[in-house]
Amino acid sequence: MGIVNVTPDSFSDGGAFFDSQAAIDHARRLIDDGAEILDVGGESTRPGAPDVSADEELRRVLPLIEALRGSGVPISVDTSKPAVMRAALAAGACIVNDVYALRQSGAAEVVADSDCGVVLMHMQGTPRTMQEAPRYTDVIDEVGAFLRERRAVLVALGVAADRIAVDPGFGFGKTAAHNWTLLARLAELDLEGAPILAGVSRKSMLGQATGRPVTERLAASAAAAVIAVQNGARILRVHDVAATRDALAVLHAVNDAP
Ligand code: 7PJ
């Protein structure tokens, strides 16, 4: 899953793709690099990011969805707002990726009323405050229980289980230590067979481990992606599709070795 941000303040690309045409060009490059899903987002969720209205979010993401819907690659919309989900699905997106796991009022119903796929992500707190004092008794138990509960809510609304992927939410209300525990023990999350999406690309945990700024985390991101897949992730949300695919090709070659 290649990341296409259309925000003026996204932490890792600094709003380089705020311009629609630049974002479209970037998305096409990700497709050429081998992305199998494009995740289009118009609202930054970095800690302390300002709120964006649904209208503004739609102004950012709809031109992209419309430009990319014929590309043959499924489009995911990274949003928490029911109105944005509904309009994005109508415009051609087919996956809702929600860092709030459809907890905003009306969001679960939008997904239940469509036939889209959905990614349910764990977050402790809200983007504004989540990094102030993340706290868990057992991060594996708590993240697993939250994701099972959100999945059960959706299934009860009539969403087939095979439409749902789950995500431990690296960096969302977690210290670096919590993130490393989740990555190390991803396979211990009891997610009842739901496919796991992992988003570690360029994240601060990699800065913590390497001492490198966000612009210099390509190798660390690729290493983390390989570990995530080795530990059971099925979908990777990444900025650098070509490098990630190369890293995974090495993993697959090892796994296929006679
Ligand atoms: C994630 C996300 C993630 C899912 C962002 C960033 C921050 N959606 N949206 N999982 N992260 N599902 O790209 O670093 O980890 S925005």
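A residue counts as buried under 20% relative accessible area, as exposed over 50%, and as partly exposed in between. The exercises below apply this and related criteria to a predicted model.

**Exercise 1. Determine whether alanine 219 is buried or exposed, and state where it is found.**

Solution. 
1. Alanine 219 is found in helix 8, which spans residues 218–230.
2. Its relative accessible area is 62%.
3. The cut-off for exposed is over 50%, and alanine 219 is therefore exposed.
4. Alanine 219 can also be placed relative to alanine 243, which is 24 residues apart from it along the chain: the two C-alpha atoms are separated by 8.3 Å.

**Exercise 2. Classify glutamate 57 as buried or exposed, and identify the partner of its side chain in a polar contact.**

Solution. 
1. Glutamate 57 lies in helix 2, a helix made of residues 54–68.
2. The relative accessible area of glutamate 57 is 0%.
3. Buried means under 20%, so glutamate 57 is buried.
4. The side chain of threonine 79 is a partner: it makes a polar contact with the side chain of glutamate 57 at 2.6 Å.
5. With neighbours within four places in sequence left aside, the residues in contact with glutamate 57 are Gly42, Glu43, Val52, Asp78, Thr79, Lys81 and Val84.

**Exercise 3. Describe how helix 1 is oriented against helix 2, and which residues meet.**

Solution. 
1. Two packed helices are described by the angle between their axes and the distance between the axes.
2. For helix 1 (residues 20–32) and helix 2, the axes come within 10 Å and cross at roughly 40 degrees.
3. Angles under 35 degrees would count as roughly parallel, and 65 to 115 as roughly perpendicular; helix 1 and helix 2 are therefore oblique to each other.
4. Their crossing is right-handed.
5. From helix 1, Ser20, Ala23, Ile24, Ala27 and Arg28 meet Pro63, Leu64, Ala67 and Leu68 of helix 2.

**Exercise 4. Carry out the corresponding analysis for helix 2 and helix 3.**

Solution. 
1. The axes of helix 2 and helix 3 (residues 82–91) come within 10 Å, crossing at roughly 20 degrees.
2. Because angles under 35 degrees count as roughly parallel, helix 2 is roughly parallel to helix 3.
3. The crossing of helix 2 and helix 3 is right-handed.
4. Helix 2 contributes Ala54, Glu57, Leu58, Val61, Leu62, Ile65 and Glu66 to the contact, and helix 3 contributes Ala83, Val84, Ala87, Ala88 and Ala91.
5. The contact of helix 2 with helix 3 comprises ten nonpolar, no polar and two charged residues.

Conventions: Residues numbered from 1 in each chain as written. Predicted model: local features only at pLDDT ≥ 70, side-chain atom pairs only at ≥ 80, totals over all residues. Heavy atoms only, no water. Axes fitted to C-alpha atoms, helices over the stretch in contact; angles between N-to-C directions. Helix = DSSP H or I, 4+ residues; strand = E, 2+ residues; numbered from the N terminus. Parallel < 35°, antiparallel > 145°, perpendicular 65-115°, else oblique. Left-handed = near helix turned anticlockwise from the far one by under 90°. Contact = heavy atoms within 4.5 Å. Buried < 20%, exposed > 50% of the residue type's maximum accessible area, 1.4 Å probe, protein only. Polar contact = N/O pair within 3.5 Å; in protein donor to acceptor, adjacent residues only side chain to side chain. Nonpolar A, V, L, I, M, F, W, Y, C, P; charged D, E, K, R; others polar.
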